[in-house]
Amino acid sequence: MPELPEVEALRVFLDDHLVGKEIDRVLPLNVSVLKTYDPPPTALHGATVTAIARHGKFLDIAAGPLHLITHLARAGWLRWNDSFPAAPPRPGKGPLALRTVLTGGDGFDLTEVGTTKRLAVYLVHDPAEVPGIARLGPDPLDDSFDRDALAALLAGERRRIKGALRDQSLIAGIGNAYSDEILHVAKMSPYLLTANLTDDQITRLHTAMRTTLHDAVARSGGLAAGKLKAEKKSGMRVHGRTGEACPVCGDTIREVSFSDSSLQYCPTCQTGGKPLADRRLSRLLK
């Protein structure tokens, strides 16, 4: 799933490729992708792109008075094309969800693989009209997001820190992958309760969050949209690396599976050497 660093890199990429250009046409090719119907996509035809913004994991393309906003969800992606075939694409069951063509002939496709379709596109006058944006917490890369701001957010919370980091209404932009990475850098168990965090742990968590996200954004800087996924995967220390050696201590990276996701961690670095209980695996072994 694209998270804050990848969406920020897409924002920078589109800022270079879209701003100042005129939209020729917008073609929705999957009926489920459009979450708004008024104004229609044709309202963008002939509009000039004026700015690109990011709201957490949402990408915002401003054109005239309108905002074309997308959330790539788990399996969505943006693919830039220097040209398109003359014949319009046929709506169907393939990965192509929406095509935006500029008057110069270039533009981008929004695609989504798999059978579960969660990629979302909104056309609105104000980004706050998108429910997911309206409920977003602060951006962890914002200059105002200091250690005390994080402490204030966590005050009164009582849940596992892994879930808190992924809660978009608490902190915007962090998902499953980067929460694993942040907790590894901070040397914290993903099961640690937020209510039990010490002042030192909050400081470590804030430092790990800022450095991990800034480093990921820096690695993605200047890359073409098509190369961002590979960069994300190659830069991971523990996420997606079950069974490999921890790059810090050499211990074997372990995994806990859930119904629709999994987390990865290093027992030596994060849990005092003790493996975390994997309740789903335990049930299968009974």
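A: First, a term. A residue counts as buried when its relative accessible area is under 20%, and as exposed when that area is over 50%. The model is a predicted one.

Start with the sheet. It is open and has 4 strands, in the order E2-E3-E4-E8, and the pairing is antiparallel. In general, strands of a sheet pair through backbone hydrogen bonds, either parallel or antiparallel. Strand E2 (49-55) and strand E8 (120-124) are at the edges. Each has a single partner strand, so one side of each lacks a neighbour in the sheet. On average, neighbouring strands here are turned by 15 degrees against each other, direction ignored.

Strand E4 (residues 66-71) runs antiparallel to E8, and 5 bridges join the two. Within E8, Val121 stands opposite Thr70.

Next, the helix on the sheet. H1 packs there and touches E2 and strand E3 (58-63). The direction of H1 makes about 170 degrees with that of E2.

A search of the whole structure finds 1 aromatic pair. Phe13 belongs to helix H1 (residues 4-17) and Trp80 to strand E5 (residues 76-81), so the pair ties together parts that are 67 residues apart in sequence. Phe13 has a relative accessible area of 10%, so it is buried. Trp80 is buried too, at 16% relative accessibility.

Now the surroundings. Helix H3 (residues 147-154) packs with helix H6 (residues 199-220) at an angle of about 115 degrees, and their axes are 9 Å apart. The crossing of H3 past H6 is right-handed. From H3, the contact involves Arg147, Leu150, Ala151 and Leu154. They meet Asp199, Ile202, Thr203, Leu205, His206 and Met209 in H6.

Arg160 lies over the face of Tyr191, at 3.8 Å from the ring centre.

Last, a loop. Ser259 is placed between strand E9 (254-257) and strand E10 (262-265). The relative accessible area of Ser259 is 72%. The cut-off for exposed is over 50%, so Ser259 is exposed. Ser259 and Val33 are 226 residues apart in sequence, and their C-alpha atoms are 25 Å apart in space.

Back to the part you asked about. Its edges are E2 and E8, and H1 packs on it by touching E2 and E3.

Notes. Residues are numbered from 1 along each chain as its sequence is written. This is a predicted model: local features need pLDDT of at least 70, side-chain atom pairs count only at pLDDT 80 or more; totals for chains, interfaces and linings use all residues. Side-chain values use heavy atoms; hydrogens and water are left out. Rings of Phe, Tyr and Trp (its six-membered ring) pair if their centres lie within 6.5 Å; planes under 30 degrees apart count as stacked, over 60 as edge-to-face and the rest as tilted. Buried means under 20% relative accessible area, exposed over 50%, partly exposed in between (1.4 Å probe, protein chains only). A charge sits over a ring if NZ of Lys or CZ of Arg is within 6 Å of the ring centre and within 35 degrees of the ring normal. Two strands pair if DSSP finds at least two bridges between them. Axes are lines fitted to C-alpha atoms, for helices over the stretch in contact, and angles run from 0 to 180 degrees between N-to-C directions. Contact means heavy atoms within 4.5 Å. A crossing is left-handed if the near helix is turned anticlockwise from the far one by less than a right angle, and right-handed if clockwise.
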